[in-house]
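Have a look at the sequence and the structure first, and then we can walk through the details.

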Amino acid sequence: GPRLRWPFSSLETHKPKAAKRRCCLAASGTMSRPTVEEAVEVLMMNEPKAFRIVTEVLFKIVRNIELHPHEPKYSQISTGSAAYTGKIACAKGGLRFLRAVGFEKREAAAGGAGCSSDAGDAPTLVLAAPDAEVLEAGKQALKAAVKEFGAKVEAARVAENKAAAFKLAELKRVSAQNNSKRDATAEAERRQIMEGMAADKAELERQRDPSNFC
């Protein structure tokens, strides 16, 4: 199927005000269903590698549901699975995006509560009634986010290269100045030695001249 491509290197990610609102809502326990735009805004806060992984997984989830809207396996995600914990839950905005497109948490059956690491005991995220319009909006938002994130990465790379080029040019300039100073010093030392040798030669010739002793 189609894949998203990622032009990543290094990037200083921005931290929108939505992050502060998200923390406040989580603390007050009044987390309502976020919008796709809010979720994507938080996704943009990830580092490049985490952003690439989480957006790729989310895009795949949405696409599979669109292709198979009546198959439960595509609209159910165990929060204890390695894929969820290692690619979605660990990234900023991963769960928020799933909630934005309609996923809701369903607690495990009796006996599932507790601290078991078994994925079967963990709550499940379920998209009970897929909304084609919302899913498509989510997919398009992910595509736009990838494009924007890539542009930011490229801008950061260009700025970094410019800074490195300026630093290199400055180092070359300083090195040239130092070489010039060293060349001038060496030339002065050479002249001093030559003058000393000429003076010694003149003195030797003067001493050899008998008329100098009359």
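This is a predicted model: local features need pLDDT of at least 70, side-chain atom pairs count only at pLDDT 80 or more; totals for chains, interfaces and linings use all residues.

Helices here are DSSP runs of H or I with at least four residues, numbered from the N terminus. With that in mind, G150 is found in helix 6.

**The chain overall**
- The protein chain contains six helices and three strands.
- In sequence order, these elements follow the pattern α-α-α-β-α-α-β-β-α.
- The protein chain has 214 residues, and 28% of them count as buried.
- Taking contacts between residues at least 6 apart in sequence, 77% join residues at least 24 apart.

**Helix 2 with helix 6**
- A pair of packed helices is described by the angle between the two axes and the distance between them.
- For helix 2 (residues 36-43) and helix 6 (residues 132-208), the angle is about 30° and the axes are 10 Å apart.
- Angles under 35 degrees count as roughly parallel, so helix 2 is roughly parallel to helix 6.
- The crossing of helix 2 past helix 6 is right-handed.
- On the helix 2 side, the contact is made by V36, V40 and L43, while helix 6 contributes A137, G138, A141, L142 and A145.
- By residue type, this contact of helix 2 with helix 6 comprises seven nonpolar residues, one polar and no charged.

- V36, A39, V40, V42 and L43 are the buried residues of helix 2.
- Viewed down the axis of helix 2, these buried residues fall within an arc of 160°, so they line one face of the helix.
- E37 also belongs to helix 2, and with a relative accessible area of 60% E37 is exposed, because the cut-off for exposed is over 50%.
- Between E37 and A145 there are 108 residues of separation in sequence, yet their C-alpha atoms lie 9.8 Å apart in space.

**Helix 3 with helix 6**
- Helix 3 (residues 48-67) packs with helix 6 at an angle of about 155°, and their axes are 10 Å apart.
- Angles over 145 degrees count as roughly antiparallel, and helix 3 and helix 6 are therefore roughly antiparallel to each other.
- Helix 3 and helix 6 make a left-handed crossing.
- From helix 3, the residues P48, F51, T55, L58, F59, V62, I65 and E66 take part in the contact, and they meet A132, L135, E136, K139, L142, K143, A145, V146 and F149 of helix 6.
- Sorted by type, the residues of this contact of helix 3 with helix 6 are twelve nonpolar, one polar and four charged.

**A closer look at G150**
- G150 and P48 are separated by 102 residues in sequence, and their C-alpha atoms are 9.0 Å apart in space.

Note on methods. Residues are numbered from 1 along each chain as its sequence is written. Side-chain values use heavy atoms; hydrogens and water are left out. Axes are lines fitted to C-alpha atoms, for helices over the stretch in contact, and angles run from 0 to 180 degrees between N-to-C directions. Helices (H or I, at least four residues) and strands (E, at least two) are DSSP runs, numbered from the N terminus. Angles under 35 degrees count as roughly parallel, over 145 as roughly antiparallel, 65 to 115 as roughly perpendicular and the rest as oblique. A crossing is left-handed if the near helix is turned anticlockwise from the far one by less than a right angle, and right-handed if clockwise. Contact means heavy atoms within 4.5 Å. Ala, Val, Leu, Ile, Met, Phe, Trp, Tyr, Cys and Pro count as nonpolar, Asp, Glu, Lys and Arg as charged, and the others, Gly among them, as polar. Buried means under 20% relative accessible area, exposed over 50%, partly exposed in between (1.4 Å probe, protein chains only). The arc is that of the directions from the helix axis to the C-beta atoms.
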